[in-house]
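Here is a note for a colleague who is about to look through this model. The points below take the ligand site and then the chain as a whole.

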Amino acid sequence: MEPFALALDLATGRLAPHTSSIVRRVSDMRGMYADGEAERQLASGGDPVVYEVLQYDVPTESGQLVCCTTVIHAGLVGDEYFMTKGHFHEKRETGEVYLGLAGRGYLLLFVDDRAAELEMGPGTLAYVPPYWAHRTLNVGDEPFTFLGVYPADAGHDYGTIEKAGFPRRVVREGSGPVVVQASGEATGAVG
Ligand code: S6P
Ligand code: ZN
């Protein structure tokens, strides 16, 4: 791998050039939002784009680092904010760094019976320790964008989250976000 420099648009999160991208719509996230009926209606209606990932690929080998940006659009499924699928790294002992670029979001994390949530905005540097599952979501009216840097051989385990979900959700109550237990009651941790 040769050294390289990329252009990162701090306002939009666009990475140029990028060599791969992912677009995920509501229909790509079946069963992930608490309000299944709202999810089905959105998916069979306009099926909006929930988020996009732009990545500059490097060899999938130990020592290499992937740089990628995520753009989560503003929106709700029922009262739950647009969010990423969320994952563990397949190599559980690999961590990750996120840098908030624009918009307002949350980073939800958990490992075993511990859960955490971090508010993110422009300039927030968030650390995802090894072993922690992570999911981000947009709680604002504009796109929430962030840069991620992680070991290229980390791999992604989505299946565990698809089966078990996250222990906490972030929902809109009145005009703002509230963190609730996945079963519904407020944690009281954040207002
Ligand atoms: C990769 C990193 C991010 C996410 C992206 C989308 O390790 O954590 O680039 O891939 O934010 O989320 P997800 O859960 O669909 O991969
Ligand atoms: Zn990750």
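1. Taken alone, ligand 1 exposes 390 Å², of which the protein buries 96% (accessible areas by the Shrake-Rupley method with a 1.4 Å probe; for residues, only the protein chains shown count as cover).

2. The model is predicted: local features need pLDDT of at least 70 and side-chain atom pairs count only at pLDDT 80 or more, while totals for chains, interfaces and linings use all residues. Residues are numbered from 1 along each chain as its sequence is written, chains are lettered from A and ligands numbered from 1 in the order in which they are written, and side-chain values use heavy atoms, with hydrogens and water left out.

3. Ligand 1 is surrounded by 17 residues, the closest being Tyr51, Thr70, Glu96, Tyr98 and Tyr158 (a residue is near if one of its heavy atoms lies within 4 Å). By class, this shell holds 7 nonpolar, 7 polar and 3 charged residues (Ala, Val, Leu, Ile, Met, Phe, Trp, Tyr, Cys and Pro count as nonpolar, Asp, Glu, Lys and Arg as charged, and the others, Gly among them, as polar). Strands E4 (49–56), E5 (65–72), E9 (96–102) and E14 (144–151) each supply at least two residues of the shell.

4. The secondary structure of the chain comes to 2 helices and 17 strands (DSSP runs, helices being H or I of at least four residues and strands E of at least two, numbered from the N terminus). The C-alpha atoms fill a box of roughly 50 × 35 × 30 Å along the principal axes.

5. Two backbone details deserve a look. The peptide bond from alanine 16 to proline 17 is cis, with omega near -5 degrees, and proline 17 lies in the loop between strand E2 (15–16) and strand E3 (20–25). Aspartate 47, in the loop between helix H1 (36–44) and E4, has a positive phi near 45 degrees.
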